[in-house]
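I opened this entry to record what I looked up in the model. The notes follow the order in which I went through it.

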Amino acid sequence: MPYFMNKISNILDPNYIPTFEDFLKEYSRTIGVIEAKIRDGDIEYLIFDLGGARSERRKWIHCISDTSYIIFVSAISAYNRTLFEDTHSNSLVEDIDLFSDVIGSPWSRNVQVMLVLNKIDIFR
């Protein structure tokens, strides 16, 4: 939040255009499946942002059954945090287990997977 508060005069400017860093600093919990289409010339990419909560995971199969790539994002700072919906389960352990499930799934057998560990700034 301090990041955006320090930029408040810029953000309130009617001509304000968010920077790449602004997008990286913004966070909102994903609920459901958010779909975005990006076109690069003749190629169209369909990107899904899938909520990571346990209750959201059943929706994943509809998105990953016919995909080429999976970008799995996990917060490296979650080593000492618990889940939103289960305060007895460690977030990083849950992510490791979930990553193992995703890459071991029959639906992702022929899919390229990239693991991204984010929030290193919080980890430090």
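In these notes, two residues are in contact when heavy atoms of theirs lie within 4.5 Å. The model is a predicted one.

**Entry 1: Asp-95**

I began with Asp-95, which lies in helix 5. I set aside its neighbours within four places in sequence and listed what remained in contact: Phe-72, Ser-74 and Ala-75. I also looked up the burial of Asp-95. Its relative accessibility is 18%, so it counts as buried, the limit being under 20%.

**Entry 2: the chain as a whole**

I then stepped back to the layout. The chain has six helices and four strands. Read from the N terminus, the order of elements is α-α-α-β-β-α-β-α-β-α.

The accessible surface of the chain is about 9,700 Å². Carbon and sulfur atoms account for 56% of that surface. For contacts between residues at least 6 apart in sequence, I noted that 46% join residues at least 24 apart.

**Entry 3: aromatic pair**

How many aromatic pairs does the count come to? I found one aromatic pair. It is formed by Phe-72 and Phe-99, and its geometry is edge-to-face. I noted 5.1 Å from centre to centre and 70° between the planes.

Phe-72 is in strand 3 (residues 69-75) and Phe-99 is in helix 5 (residues 91-104). They are 27 residues apart, and the pair links distant parts of the chain. Phe-72 is buried, at a relative accessible area of 8%. Phe-72 is also one of the residues I had listed as contacts of Asp-95.

**Entry 4: salt bridges**

I searched for salt bridges next and found two in the structure. One of them joins Lys-7 and Asp-22, with the closest N and O atoms 2.8 Å apart. Lys-7 is in the loop between helix 1 (2-5) and helix 2 (8-11), while Asp-22 is in helix 3 (residues 20-25), so the bridge ties together parts that are 15 residues apart in sequence.

Arg-39 counts as exposed at 54% relative accessibility, and Glu-44 as partly exposed at 43%.

**Entry 5: nonpolar patch**

I went over the surface for nonpolar side chains. Ile-38, Ile-43, Tyr-45 and Ile-47 form a nonpolar patch there. Together these residues have about 350 Å² of accessible area. Which element gives the most to the patch? It is strand 2 (residues 43-50), with three residues.

I took Tyr-45 for a closer look. Tyr-45 is placed in strand 2 and is partly exposed, with a relative accessible area of 39%.

**Entry 6: Glu-35**

Glu-35 is in strand 1 (residues 33-40). Its relative accessibility is 48%, and I therefore noted it as partly exposed. I listed its contacts, again leaving aside neighbours within four places in sequence, and got Leu-46, Ile-47 and Phe-48.

Ile-47 had already come up as a member of the nonpolar patch. For Leu-46 I also noted the spacing from Glu-35: the two are eleven residues apart in sequence, and their C-alpha atoms are 7.1 Å apart in space.

**Entry 7: Asp-86**

At 18% relative accessibility, Asp-86 counts as buried. Which residue does its side chain meet in a polar contact of 2.5 Å? The partner is Ser-89, and the contact joins the two side chains.

Conventions
Residues are numbered from 1 along each chain as its sequence is written. This is a predicted model: local features need pLDDT of at least 70, side-chain atom pairs count only at pLDDT 80 or more; totals for chains, interfaces and linings use all residues. Side-chain values use heavy atoms; hydrogens and water are left out. A salt bridge is a side-chain nitrogen of Lys or Arg within 4 Å of a carboxyl oxygen of Asp or Glu. Helices (H or I, at least four residues) and strands (E, at least two) are DSSP runs, numbered from the N terminus. Buried means under 20% relative accessible area, exposed over 50%, partly exposed in between (1.4 Å probe, protein chains only). Rings of Phe, Tyr and Trp (its six-membered ring) pair if their centres lie within 6.5 Å; planes under 30 degrees apart count as stacked, over 60 as edge-to-face and the rest as tilted. Patches are made of residues with over 30% relative accessible area and no salt bridge: like charges are joined within 9 Å, nonpolar side chains (Val, Leu, Ile, Met, Phe, Trp, Tyr) within 5 Å. Accessible areas come from the Shrake-Rupley method with a 1.4 Å probe; for residues, only the protein chains shown count as cover. A polar contact is a pair of N or O atoms within 3.5 Å; within protein, one must be able to donate a hydrogen and the other to accept it, and residues adjacent in sequence count only if both atoms are side-chain atoms.
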